Amino acid sequence: MTALQSLPIEEEFERNPELKKEDLQYLRDWCSKQEHLPKISDNQLILFLHSNYFRLEACKISIENYYTCRTHVPEFFSNRDPIGSKEIRSAMNTLLVIPLEGKTKEGYHVTYSRLIDTDPERFIYNDGMRYWNMIADLWLHINGTSPGHVLVADITGVQMVHALKISPVGVKKYLYYLQEAMPVRIKGLHFLNTTPVMDFILGLMKPFMKKELMDVLYLHKNTESLAQHLPLDILPVEAGGKAAPMKECYSKVTKFVEENRNYFLDEENTMRVDESRRLGKAKSATDLFGIEGSFKKLDID
């Protein structure tokens, strides 16, 4: 299988007038001196520059967070073989994650997700987040920078039994990655078809959300209020839109992930930090997230 192709660098410079060759070279030089970091492609460096609005110091922090997080959070970033991993196969049969073809009026890309198997026994939070990241990784690798990303989580079928299977530690780790490491500009986080169970889920999330993410968080009991933020036509038919039915979307996304199996196998072997080569003290998950045992007595209002 041939390597998955990234967007040509020339197109990124055309898209982003603020992108400067000297900034890209600065990051190349900086990365080369960080012996614990893997070899990072120009496309990936451009994603970090763009997501940090071309601020070099902020960009360096994101790069460090990104690769360190992916190394020390195996529950989200390891064992991602879409064919050989039974956990990923189960997640693919439980959760639908679709990068929609339509965009918002601002040109933001939209990702829609929801349960397609609502049996709580089949829902594993960590595996669901691992699969969501797989879709996001492929999209970014192929499409490069975007003016912004909007995330729509359809809560249809989510019960309290599902919510009780979400750990505060898992939520903390994922929100850390989303806010401090993932090279995207989050312009909207929408929860659709919300029910009272959403209050419990928000109780898990809010302690770990920065103001910037809180400011773009929206709850919608139905699509009426969501229509103020994005064209409903781009949603699947079952969600009130005019895009392809979910079954068709599922088949397309599943095939896409399976065809790019080699990407995930290679990524896990190459895109990690080598703590033995880090200058100073090696980092661990505890350094990033604190002692997990401290969450055992966390009360949720």
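Me: Leaving out residues up to four places away in sequence, what does K210 touch?
Reply: In this predicted model, K210 touches Q179 and E180.

Me: Which of those has a side chain in polar contact with the K210 side chain, and at what distance?
Reply: E180. The side chains of K210 and E180 are joined by a polar contact of 3.2 Å.

Me: Where is K210 found?
Reply: In the loop between helix 10 (197-205) and helix 11 (211-214).

Me: And how far is K210 from L175?
Reply: They are 35 residues apart in sequence, and their C-alpha atoms are 9.2 Å apart in space.

Me: Pockets now. What volume does the largest pocket have?
Reply: About 730 Å³. Its lining has 34 residues, with S113, Y125, M129, A153 and F191 nearest the centre.

Me: Which element gives the largest share of that lining?
Reply: Helix 7, with 5 residues. Other elements that each supply at least two include strand 2 (109-115), strand 3 (149-154) and helix 10.

Me: How does the lining of the largest pocket divide by class?
Reply: Into 23 nonpolar, 6 polar and 5 charged residues.

Me: How much space is in the second largest pocket?
Reply: About 560 Å³. Of its 22 lining residues, S51, L178, Q179, V184 and E212 are closest to the centre. Q179 is also one of the residues K210 touches.

Notes: Residues are numbered from 1 along each chain as its sequence is written. This is a predicted model: local features need pLDDT of at least 70, side-chain atom pairs count only at pLDDT 80 or more; totals for chains, interfaces and linings use all residues. Side-chain values use heavy atoms; hydrogens and water are left out. Helices (H or I, at least four residues) and strands (E, at least two) are DSSP runs, numbered from the N terminus. Contact means heavy atoms within 4.5 Å. A polar contact is a pair of N or O atoms within 3.5 Å; within protein, one must be able to donate a hydrogen and the other to accept it, and residues adjacent in sequence count only if both atoms are side-chain atoms. On a 1 Å grid over the protein atoms alone, a cavity is a set of points where a 1.4 Å probe fits but cannot get out, and a pocket is an open set with protein on both sides within 12 Å along at least five of seven lines; lining residues have an atom within 4 Å of a point. Grid points are joined across faces, edges and corners, and a volume is the space filled by probe spheres set on the points. Ala, Val, Leu, Ile, Met, Phe, Trp, Tyr, Cys and Pro count as nonpolar, Asp, Glu, Lys and Arg as charged, and the others, Gly among them, as polar.
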